[in-house]
Amino acid sequence: MNVRAAAANVLFQVVDKGKSLSTVLPEAQQSIRPRDHALLQEICYGTLRYLPRLESTANQLMDKPLKGKQRVFHHLILVGLYQLSFMRIPPHAAVGETVEGTKDLKGPRLRGLINAVLRNYQRNQSQLDQQAVSHDAGKYGHPNWLLNLLKTSYPQHWQAIIDANNQKAPMWLRVNRRHHTREQYLALLDAEEIEYHVHPEASDAIKLLTPRDVYSLPGFEQGWVSVQDAAAQLSVDYLNPRDNELILDCCAAPGGKTAHILEHTHNTKVVAIDADEFRLRRVNENLARLELEAEVICGDARTPEAWWDGEKFDRILLDAPCSATGVIRRHPDIKWLRRAQDIESLATLQSEILDAMWQQLKAGGTLVYATCSITPQENRQQVSNFLARTADAKLVDSDPQAPGRQILPGEEDMDGFYYAVLVKQA
């Protein structure tokens, strides 16, 4: 299939149908040549990063919007505009290949329209670009509700957060210490002349200066290393798992944190639970590659009595369902799939899970509450409310007036993440 046509269809499924990019993109890659996978990803990610700007330009160039069955061709125009605006593809090739995409999308009669729109943009690019960034959504590449939330929550940092969100995410590795120390694995990278940067806090984390195919990494297939952002790797430091414990990884898919706990311990039983049966397959796949074992359960974290009748846990890692506003650079579709009202409903779900999980924790046990969000409602406000209603909960290593640690996107080149450590008093 024509790559631009495939990209237009992906964008249509995400923007118009509300589907996740991480679900739709792999399916689309099956319809194109393997050598074009990276190009498809670049076009889809980039168009979603700059969606309002591209939409504004498209609307300026058309007499009337494309609707109904023609909507996918609207997204084909956005694909063409993104290439002309942000990619190094020669303009004649970008226009020609985009116009050719009408064949696979079964709309050859729209060839003339799409060609005219893209040629018109080339002639008037400077003026159109200025118009496209004359409003906040176009200038910053974020919906207005999210911009307002960031400005209110982080008046000193909102622009830095937006800049980080609009960057390409780096490739962080997690060294499996069952096989190597980080220093030993760095020697393997040196031998392959692979450039890197080590994280000053996350002791297993290595950032590659240039992302690469995982199968080109020393020992990836043997489980020597995994891909995981440094902020997510900090979960094992806050949880501080010990040998011979019973540990619950709640909302565990895709299993990176489950594996990390096991890599740090011996004779420890880890139970990994998630409500999404499809995503639990990834947990099992990751454990199999790393040759690790955990008890993997599909269940609703709000009703543990339905899936667990064993003893209470020494430690619980609760990586709660959230808005994922801290990982927008990895998932730019989040900006367009989330709505302002989602934050309140997610906060309610989080509080229900937190209360249920607290009952599964032993006296003296540790619960780490984590999200990949940066909204106060899901993080510091959530923990403050929990502490106010839970007499036997004690906050550890942070100020009760500003509980937990909020990592903002781009800090040490990490994703946005939140952690709070809670101990259950006897």
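**Figure 1. Aspartate 355 and its salt bridge with arginine 389 in the predicted model.** Aspartate 355 counts as partly exposed, at 30% relative accessibility. Arginine 389 belongs to helix 19 (residues 380-389) and aspartate 355 to helix 18 (residues 340-358), so the pair ties together parts that are 34 residues apart in sequence.

**Figure 2. The salt bridge between arginine 329 and aspartate 229.** Here the side chains meet at 3.4 Å, N to O. The pair links distant parts of the chain, 100 residues apart. Arginine 329 sits in the loop between strand 8 (313-319) and helix 17 (334-337), and aspartate 229 in the loop between strand 4 (225-227) and helix 13 (230-233). Arginine 329 counts as buried because its relative accessibility is 3%, under the 20% limit. Aspartate 229 is likewise buried, at 7% relative accessibility.

**Figure 3. The salt bridge between aspartate 229 and arginine 330.** The closest N and O atoms of this pair are 2.8 Å apart. Aspartate 229 lies in the loop between strand 4 and helix 13, while arginine 330 lies in the loop between strand 8 and helix 17; the pair therefore ties together parts that are 101 residues apart in sequence. At 21% relative accessibility, arginine 330 counts as partly exposed.

**Figure 4. A network of salt bridges.** In total, the structure holds 25 salt bridges. Side chains of opposite charge can pair when their charged atoms come close.

Technical notes:
Residues numbered from 1 in each chain as written. Predicted model: local features only at pLDDT ≥ 70, side-chain atom pairs only at ≥ 80, totals over all residues. Heavy atoms only, no water. Salt bridge = Lys/Arg side-chain N within 4 Å of Asp/Glu carboxyl O. Helix = DSSP H or I, 4+ residues; strand = E, 2+ residues; numbered from the N terminus. Buried < 20%, exposed > 50% of the residue type's maximum accessible area, 1.4 Å probe, protein only.
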